[in-house]
Every structure is written in structure tokens, then in C-alpha cells.
Amino acid sequence: MSTIVSAPGKVLAAGGYLVLDQQYPGVVISTSSRFYTVIQASLGSANQIVVRSPQFNQAEWRYTVTYNAAGIQVNPQEDSIGGKNKFVHLALQHTLNLVSEIHSVAQVQERLFNGLDIAAVGDNDFYSQRAQLESLGLPRTTESLSRITPFCHNGVKLTDVHKTGMGSSAALITSLVSALLLHFSAITETDFANLEGDGRRLAHNAAQFVHCLAQGKVGSGFDVSSAVFGSQIYRRFGPAVLDPLMKGESVLNSSAWDYSFRPIQLPPLTRLVLADVEAGSDTPSLVGKVLKWRGHEDSRETAKDLWTQIDESNQSLARQLDALSQSYVQNKYVYEETIKQLASLPAQEWESISKAFYDLHQTTQRIRNLMRRMGDLAGVEIEPEQQTHLLDKSIQQAGVVGGGVPGAGGYDAIWLLICSPPGLSDEQQPLRQVESVWSTFDESNVTPLLAQESVAKGARVVQLDEIPGLREAIQRR
């Protein structure tokens with residue numbers, strides 16, 4: 001019996017910094033690029049768990065499960081070639097104890113009679129593919145990326161890989177915790193499939209707790225929430241919710257989770273485009289500086305006014321996305337013809353064709369301006385000059401609605417929303433114009449990602465052979 005759960009990556013399109021405060025919601029888009037956890041009974045010894053990440057060198061972690069009066073203990077084996085992996089260890093430790101609370105220790109022992117083999121892999125987008133493209137002699141385009149083997153081997157240890165900032169740790173923890181809960185029958189597949197189901201909520205709460213524990217801090221949780229529930233307007237939980245859990249109380253008893261989310265989607269016939277930019281940023285130091293500026297008595301009032309303006313623009317963005325999806329439902333033909341027209345013109349020329357799309361463009365630009373202002377005031381490069389040049393050039397292209405630097409900003413990524421109408425030749429598609437700008441941009445190396453918005457809502461159960469390349473990937477040793 002095998003259990004496979006996939007969970008999407010994320011893009012925080014609006015709400016960077018603000019989403020840390022429960023007062024302000026964020027707009028999170030979940031991506032088509034996903035993490036997969038594959039759990040299979042092994043032919044090994046009882047109470048032995050092997051976790052593998054076949055995309056990396058020396059990425060295998062072995063655990064022995066023991067049972068005593070204090071509950072279930074998951075003990076890392078000294079001879080694990082992967083060394084320590086706090087994320088995996090804590091996920092196993094806390095999820096198996098949760099299973100024993102719901103059922104019994106005996107149920108865990110029974111399912112571990114032959115041990116478990118767990119493989120965890122992520123779509124190529126989670127890791128920079130620049131080196132792969134260079135070794136294959138291919139240009140930096142989505143067409144080239146689609147020719148790389150799915151779940152390709154990165155040729156390095158996990159600790160040395162260059163990530164693209166799409167929330168790999170949250171997607172991994174969500175898929176691993178959810179797969180364990182399902183494999184041990186702590187939640188049902190039917191309940192997990194329901195966005196409002198108790199099983200999905202339990203998977204969310206457990207994944208949030210484990211993720212915070214592994215990171216050693218209580219973040220906003222938007223990355224785990226979008227991995228579980230999909231694209232959404234997210235408002236964080238109060239950090240105090242986790243206090244009793246940190247002291248050993250059960251996730252089951254914590255009814256105080258006060259996060260909220262409302263599902264959203266990007267407008268039909270548009271697509272999310274992401275770029276991996278060759279220059280990473282240290283997110284914790286960016287966040288620390290902005291929060292210090294916000295809390296300082298000399299800047300507190302300025303910060304409050306600015307955050308109010310940013311929040312109003314973020315909420316406008318959410319309303320506009322909703323309204324455009326509605327207009328598609330009301331008249332698909334008119335909507336489709338409009339998108340075709342917009343695809344051939346830069347956004348500054350849209351007002352007479354579609355006020356709604358023109359306003360959406362203006363809102364994304366306003367958010368960028370306000371976030372840049374916050375960066376200037378706080379002494380932080382939220383949208384560095386090089387990124388401003390890249391975004392400005394990209395957004396000037398025909399068919400580009402808008403974009404920005406995701407999350408906390410910095411040097412390592414940008415996102416765009418572009419028109420993607422049916423019936424246009426490949427050369428006429430706005431994506432090709434954008435790729436042309438990126439390939440000739442001389443201030444940094446820019447590589448597109450394959451990710452679009454996820455059609456599936458958040459985490460889901462999948463079958464091994466419905467995902468191209470997954471079977472081959474998990475068979476690699």
C-alpha cells in the first residue's frame with residue numbers, strides 16, 4: 001500500500017511584511033510546481049523508517065521508532081548518510097504521536113511492522129536550473145526547462161542547493177505530514193479532499209506547528225496555508241496559539257487556531273510567470289530591519305500610515321481579481337475577445353478597451369511604488385534598482401498586466417501576470433516577449449520558471465503514474 005500527497009509552492013503577490021501582523025491579509029498564489037511525498041511499506045525491519053530525497057547526493061535519513069510511557073520516540077540513526085534533518089525528524093516525531101492519540105500506539109506499531117520507505121521530491125522549479133541549462137547548452141526559456149528530466153538530480157548535497165524561494169520547506173512539510181496522517185488512517189481521504197474538511201484542517205494545524213518548530217520561530221504561516229488550501233487571501237493566526245503546543249499540548253486540542261483564508265484565483269486566460277534571478281537575499285535580515293523601523297518611535301506614525309495605504313491597495317488587488325473572474329463567468333466571449341486585444345498592447349493603452357484590467361495594472365504599480373517607499377524609509381532593498389529596471393522593462397511589454405518582487409522582496413525573484421489568450425501564434429504570446437527581455441537583460445541572469453498558478457486547490461492525493469517522471473525519480477537510489 002502506498003500513499004502519495006502533493007503540495008504546491010507559493011508566491012506572496014501582495015502582503016509582504018504586512019502579513020506578519022494579523023491586522024493585514026496577504027494575497028498568496030499557489031503554484032503548479034509541487035512537492036511529493038511517497039510513502040511505501042518497505043521490506044526492512046519493524047519500526048525502521050528510511051526517508052530519501054533522490055534529487056541530491058547523500059540525502060538519506062534513517063530512523064528507529066521506539067515506544068515508552070512518554071509516547072512514541074523517533075530516533076535518528078547515527079549512520080544516516082544525510083546527517084541531521086530537523087524538518088523530517090520533527091515531522092515524523094509529532095505526526096506519529098498525533099496518530100497514536102487519534103487511534104493508538106498499537107496502530108502505529110502495526111503499520112510499522114515492515115518499516116516504511118518515504119521518498120520526498122520537488123518539481124525542478126524549486127531549485128535553480130541555470131547549471132542544468134548551461135550543461136545542456138540550452139537558452140534560458142520555458143521551452144528549454146520543459147526538456148529537463150522531471151525531478152532531475154541536482155548534483156549536490158541538499159545543504160548546497162540554490163533554491164528559488166517558492167516555499168520548498170512548507171510544501172515538503174505539508175506533503176509529508178498529510179501523507180503520514182493518511183497512511184496511518186488518522187484522517188480519511190474523503191475528508192482530506194474537502195477544502196473545509198476537519199481532516200484537511202488537522203493536516204494544516206499539524207504542518208504549521210511542525211514548520212514553526214523546525215524553523216525555530218513562529219512565522220506568518222501563509223506558505224503552509226497556501227500549500228494546504230491553495231491560492232487565497234490569508235490572515236495569519238495569533239502567535240499565542242502555538243504557546244501551549246510548544247509546551248507539549250496536543251495539536252488535537254488546539255481549537256484556538258484563528259487564521260482565516262478565502263480562496264481566490266487569477267483571472268481566466270491570464271498566467272502567472274516567475275523568474276529566478278541570480279542574486280539571493282537574506283529574508284530574515286530584510287524582515288528584521290523593516291520591523292525595527294516600524295517599531296521605532298521616530299517612524300511609528302509614518303509606518304502606520306504607509307501600511308494602511310499598502311493594505312488598501314492589497315485589498316483592492318484582491319477585489320479586482322475576484323471581479324475579473326466574475327466578468328468571465330458573465331460573458332466568456334466578450335472577455336476572451338478583450339484579452340486578445342490586450343495581448344497586443346502595453347498596459348498603458350488599455351483604459352479604453354478594459355477599464356477593469358487597466359485598473360488592475362494601476363493597482364500592481366501602486367503597490368510596487370508603496371513597497372519601494374517603505375524600503376527607502378527602512379533602509380532595506382525591497383525592490384532593488386536592478387529589479388526595478390527588470391520589472392519596468394517586463395511590464396512595458398504588450399499583454400503584461402503587472403508584477404512585482406514576491407514576499408519580502410530582494411534580488412532573487414520577480415513575478416508577472418500576463419495575458420495568455422487562446423488562438424495566438426507562439427510568437428504573438430506575451431510570454432515570448434517577456435522571455436526575450438529576460439534573455440537580453442544585462443544587469444543580472446534571469447531564468448524563467450515553469451510554474452503557473454495551481455489549478456488544484458492546495459494539497460491533494462495523487463497516484464504514482466499520473467505524475468510524469470515520479471516513478472523513475474523515487475526508484476533512483
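User: Which residues in α8 do Arg200, His204, Ala207, Gln208 and His211 in α7 meet?
Analyst: This is a predicted model, with local features needing pLDDT of at least 70, side-chain atom pairs counting only at pLDDT 80 or more, and totals for chains, interfaces and linings using all residues. Residues are numbered from 1 along each chain as its sequence is written, and side-chain values use heavy atoms, without hydrogens and water. Contact means heavy atoms within 4.5 Å. On the α8 side, the partners are Asp223, Val224, Ser225, Val228 and Phe229.

User: How many charged residues does the contact of α7 with α8 have?
Analyst: Asp, Glu, Lys and Arg count as charged; Ala, Val, Leu, Ile, Met, Phe, Trp, Tyr, Cys and Pro as nonpolar; the others, Gly among them, as polar. The contact has 4 nonpolar and 4 polar residues. The charged ones number 2.

User: Are α7 and α8 roughly parallel or roughly antiparallel?
Analyst: Helices are DSSP runs (H or I, at least four residues), numbered from the N terminus. Axes are lines fitted to C-alpha atoms over the stretch in contact, with angles from 0 to 180 degrees between N-to-C directions. Those of α7 (residues 198–215) and α8 (residues 222–229) come within 10 Å and cross at roughly 150°. Angles over 145 degrees count as roughly antiparallel, so α7 and α8 are roughly antiparallel.

User: At what angle do the axes of α1 and α5 cross?
Analyst: α1 covers residues 86–102 and α5 residues 168–183. Their axes come within 10 Å. The crossing angle is roughly 30°.

Definitions and conventions: Helices (H or I, at least four residues) and strands (E, at least two) are DSSP runs, numbered from the N terminus. Angles under 35 degrees count as roughly parallel, over 145 as roughly antiparallel, 65 to 115 as roughly perpendicular and the rest as oblique.
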